[in-house]
Amino acid sequence: MAKLPKKEELLQYEYKVPATDWMDTPVEFKPGTYCYGAKGKNLEVVDFPNARDWSPTDEDWKLPEDWKGTVLEGMADRLSKYRSFRLFMDICVRCGACADKCHFYLGSGDPKNMPVLRAELLRSVYRRYNTTSGKLLGRLAGARDLTEDVIKEWWYYFYQCTECRRCSVYCPYGIDQAEITMMGRELLNLLGLNTDWISGPVANCYMKGNHVGLEPQTIISNIEFMLDDIETITGKRIEPRFNRKGAEILFVAPSGDLFAEPGIYTCMGYLMLFEQLGLDYTMSTYASEGGNFGFFTSNEMAKRLNAKIYAEAKRLGVKWILGGECGHMWRVVNQYMDTWNGPADFLEVPVSPITGTKFTSAASTKMVHITEFTADLIYHNKIKLDPSRNDHLRVTFHDSCNTARGMGLMEEPRYIISKVCNNFYEMPEETIREKTLCCGSGAGLNAGENMELRLRGGFPRANAVKYVQEKHGVNVLANICAIDRAAFPALMDYWVPGVQVMGVHELLGNALVMDGEIERTMDLRMQPLPGKGAAKDV
Amino acid sequence: MKIWSPLLAVLALVIIAWLGVGVLHWTTLFGIVIPYAAFAVLVAGIIYRVVKWAKSPVPFRIPTTCGQQKSLPWIKHDKVENPSSTWGVVGRMALEILLFRSLFRNTQTEKREDRLGFGSAKWLWFGSLLFHWSMLIIVLRHLRYFLYPVPALVQGLEKLDGFLQIGVPVLYLTDVFVVVGLTYLFLRRVVIPQVKYISLAADYFPLFLLLGIATSGILMRYGFKVDIASVKDFAMSLAALNPQVIEIGTIFYIHLFLVSSLAAYFPWSKLMHAGGIFMTPTRNLANNSRVVRHINPWNYEVKTHTYAEYEDEYRDKMRKVGLPLEKE
């Protein structure tokens with residue numbers, strides 16, 4: 001990992017444009033701003049073409065023979081399959097409204113990170129080979145030849161987009177750079193050009209069921225650790241069961257929550273809640289991933305990984321599916337899963353066994369978001385909460401890009417937060433809800449080697465957190481996304497020290513009053529609760 | 001180059017019309033053949049483009065949600081910014097098309113040392129709205145040349161447009177607004193460095209062409225003062241498909257030739273955003289894909305790693321931790 005620059009150095013940029021036209025400004029691979037190349041063995045696992053070991057710093061990227069034909073054919077194929085792609089190639093007027101909406105542009109000042117220009121990287125090639133004006137007028141029509149340098153530029157910048165869709169909110173025609181990035185990445189994958197950080201998790205998820213590569217016995221032992229902690233904190237021993245046939249509900253979480261801090265605290269929150277409810281549920285070691293790094297690769301790969309969820313629900317004979325806190329997982333569940341792998345006619349319309357609420361908003365997918373489920377419980381007074389257990393926390397909430405702009409799940413987590421803690425402060429309006437600023441690490445960018453890029457992309461969000469830290473003393477950034485939980489701690493330590501990162505169900509786990517529990521003296525992180533129990537004497 | 005070549009192209013169009021009609025008197029060509037051909041290209045071109053877009057399916061339901069989803073009954077659903085029904089979509093699209101809703105959200109970000117500040121930025125929204133609405137009213141006003149009797153709506157629009165009653169002939173506000181709007185859109189393209197950086201010749205050409213059309217139109221009305229009755233006779237003859245060439249003045253034919261150029265250019269250019277906005281899948285779909293299954297016409301079977309394969313690979317490890325197995 002490259003040494004991290006100082007804050008002052010990182011902020012030495014302005015929103016200026018180079019003297020040379022962008023087509024004449026070659027891409028520069030700055031260390032710390034890009035990921036390692038995909039390893040051959042990981043591409044082989046999923047039968048991807050041109051599998052080989054390769055590094056972006058190599059002069060020769062070992063492209064397959066006739067790579068140009070492959071890309072142009074691939075482009076024509078996708079233009080005929082996706083109206084979004086064809087339309088977004090044609091109708092941009094370059095008004096520039098999207099330019100300063102991208103967190104990577106805001107944090108780097110690199111004009112090729114303006115969504116409009118990132119799109120032009122692809123559009124210029126589209127024009128050259130697919131439009132009459134581009135064929136005749138060439139550069140004057142904004143067209144350029146497809147060369148190896150163009151491919152390198154695509155790779156650099158399409159893996160510098162988190163598919164967060166913020167630009168699409170502001171575009172007068174709804175042009176969504178995420179769509180264009182997805183197409184760009186599909187084309188690159190035809191040449192075996194992925195990143196290690198995406199292709200590794202994809203291979204893991206395909207074979208082992210989850211991105212982080214947890215084998216079944218490891219999932220069980222990871223959960224055992226959490227159960228030990230829960231026992232220490234609450235005095236209660238929980239015994240969840242896995243791969244259990246005949247359960248009412250299949251619970252699918254992002255694997256990050258089974259793997260490492262701080263995601264495991266969120267997972268503890270889920271487990272405690274289910275225990276308190278006496279929920280008839282099971283988790284699967286096979287479908288042990290709600291997230292989908294295939295989605296950052298190609299449509300087909302995303303579908304292949306996603307297929308496990310319905311397949312496992314069918315095998316286990318559950319009635320419906322409950323999903324954990326994860327961002328892009330929910331874009332996929334909301335906008336893709338049923339289309340890819342449905343119809344889930346072997347499942348029933350989800351009904352909360354506790355409140356009787358029928359989740360008609362999930363009538364077809366049969367999959368409910370855990371904050372929808374929990375908000376409904378709280379609304380019907382079905383769980384007892386002691387928000388004062390979170391009094392040492394001053395909380396703000398980060399909307400995940402995908403749940404905000406690819407679903408519209410905004411009030412449910414806020415409602416839960418309002419009931420489980422007493423100190424909640426919103427960040428400025430321009431930075432939350434549909435206008436939320438990305439963590440800068442989504443869409444498979446949360447690697448270590450590109451930390452400078454992540455810090456830059458996360459700077460606008462961190463800047464908003466700093467605002468509420470100074471104004472309200474905020475010390476917790478709550479969220480409903482596993483990538484947020486994995487990515488934000490490093491970003492907060494760098495930009496806004498003193499702010500912890502917590503899933504909403506960690507906060508809930510703290511506040512949840514369980515039957516027969518001992519008096520709580522510590523939170524789920526085993527930090528003493530100020531003013532409670534033993535801590536009182538200090 | 002990006003600015004000069006389109007400017008020269010528009011000037012060339014003016015000169016061609018001036019030479020063609022003013023010097024060579026090819027009025028049949030410039031008054032009848034070219035306008036008809038251009039109109040045919042406009043109509044056929046728009047149909048061609050829209051059909052081409054429509055031929056590509058919408059495999060996934062991908063609205064960009066800009067408000068609260070419809071979920072639990074006690075949570076207030078944002079019916080327009082995150083529509084769940086057709087009527088919500090109609091509302092969202094109407095706001096988008098008529099009032100440029102998304103542009104209204106625009107903000108400007110400033111960096112001051114280690115801080116970012118988000119400020120309101122409504123000028124682009126205002127300038128675009130000013131131009132587009134003025135343009136629409138001007139086009140509707142022009143219907144008076146093609147219809148007899150002149151519809152009450154057109155007469156009303158004219159009255160409203162000229163309500164200030166300045167000068168003779170009465171000054172139309174939209175004439176001023178359209179020029180102001182276009183000038184603003186041009187100036188921001190050259191003044192804001194980022195916008196200049198992304199601009200192509202294809203972004204300047206329509207601005208110059210439209211400015212040329214507006215200028216020639218205004219000159220005709222307030223400067224050269226062509227005979228309106230002759231213009232109407234000519235336009236009616238065109239509309240009746242019984243074209244009669246009438247001597248009106250070169251400025252009129254310059255105006256007509258620029259309009260014809262715009263019509264012929266329109267379908268092949270970025271101006272097709274006017275059609276595209278209706279078809280954009282991030283705006284014109286309801287966010288209801290969890291309620292109703294969206295069908296992808298080219299959905300196909302894919303290779304997956306099945307549970308049976310998984311169990312085969314991990315059976316021993318699974319048995320050791322007591323996980324239930326399909327095959328012991």
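This is a predicted model: local features need pLDDT of at least 70, side-chain atom pairs count only at pLDDT 80 or more; totals for chains, interfaces and linings use all residues.
User: Which residue is the bridge partner of B:Thr107 in β2(B)?
Analyst: Strand β1 (residues 107-112) of chain B runs antiparallel to strand β2 (residues 115-120) of chain B, and 6 bridges join them. The two strands form a hairpin with 2 residues between them, and B:Glu113 in the turn has a positive phi of about 50°. Across this pairing, the partner of B:Thr107 in β2(B) is B:Ser120.

User: Which helices of chain B do the buried residues of α5(B) pack against?
Analyst: Helix α5 of chain B covers residues 123-141, and its 19 residues reach 26 Å from the first C-alpha to the last, close to the 27 Å expected at 1.5 Å a residue. Its buried residues are B:Leu124, B:Gly127, B:Phe131, B:Ser134 and B:Ile137. In chain B these buried residues pack against α4 (101-104), α6 (152-161) and α7 (173-191).

User: Which helix gives the largest share of the side of domain 1 of chain A that touches domain 2 of chain A?
Analyst: Chain A is divided into domain 1 (9-30 + 49-193) and domain 2 (201-530), whose C-alpha centres lie 32 Å apart. The contact takes 18 residues from domain 1 and 22 residues from domain 2 of chain A. On the domain 1 side, α5 (103-108), α9 (166-170) and α10 (177-189) of chain A each supply at least two residues, and the largest share, 5 residues, comes from α5(A).

User: How many residues of chain A are in contact with chain B, and which helix gives the most to that side of chain A?
Analyst: The contact between the chains involves 92 residues of chain A and 81 residues of chain B. Helix α14 (residues 299-316) of chain A gives the most to the chain A side, with 7 residues. That side divides into 45 nonpolar, 21 polar and 26 charged residues. The number asked for in chain A is 92, and the helix is α14(A).

User: Is A:Lys245 buried or exposed?
Analyst: A:Lys245 lies in the loop between α12 (216-234) and β1 (249-252) of chain A. Leaving aside its neighbours within four places in sequence, A:Lys245 is in contact with A:Leu316, A:Gly317 and B:Pro324. There are 11 other C-beta atoms within 10 Å of A:Lys245, and a residue with 12 or fewer counts as exposed, so A:Lys245 is exposed.

User: How far apart in space are A:Lys245 and A:Trp61, C-alpha to C-alpha?
Analyst: In sequence, A:Lys245 and A:Trp61 are 184 residues apart. Their C-alpha to C-alpha separation in space is 48 Å.

Note on methods: Residues are numbered from 1 along each chain as its sequence is written. Chains are lettered from A and ligands numbered from 1 in the order in which they are written. Two residues are in contact if their C-beta atoms, placed from the backbone, lie within 7 Å. Helices (H or I, at least four residues) and strands (E, at least two) are DSSP runs, numbered from the N terminus. Ala, Val, Leu, Ile, Met, Phe, Trp, Tyr, Cys and Pro count as nonpolar, Asp, Glu, Lys and Arg as charged, and the others, Gly among them, as polar. The expected span of a helix is 1.5 Å times one less than its number of residues. A residue is buried if 20 or more other C-beta atoms lie within 10 Å of its own, exposed if 12 or fewer, and partly exposed in between; C-beta atoms are placed from the backbone. Domain bounds come from an automatic or database domain assignment. Two strands pair if DSSP finds at least two bridges between them.
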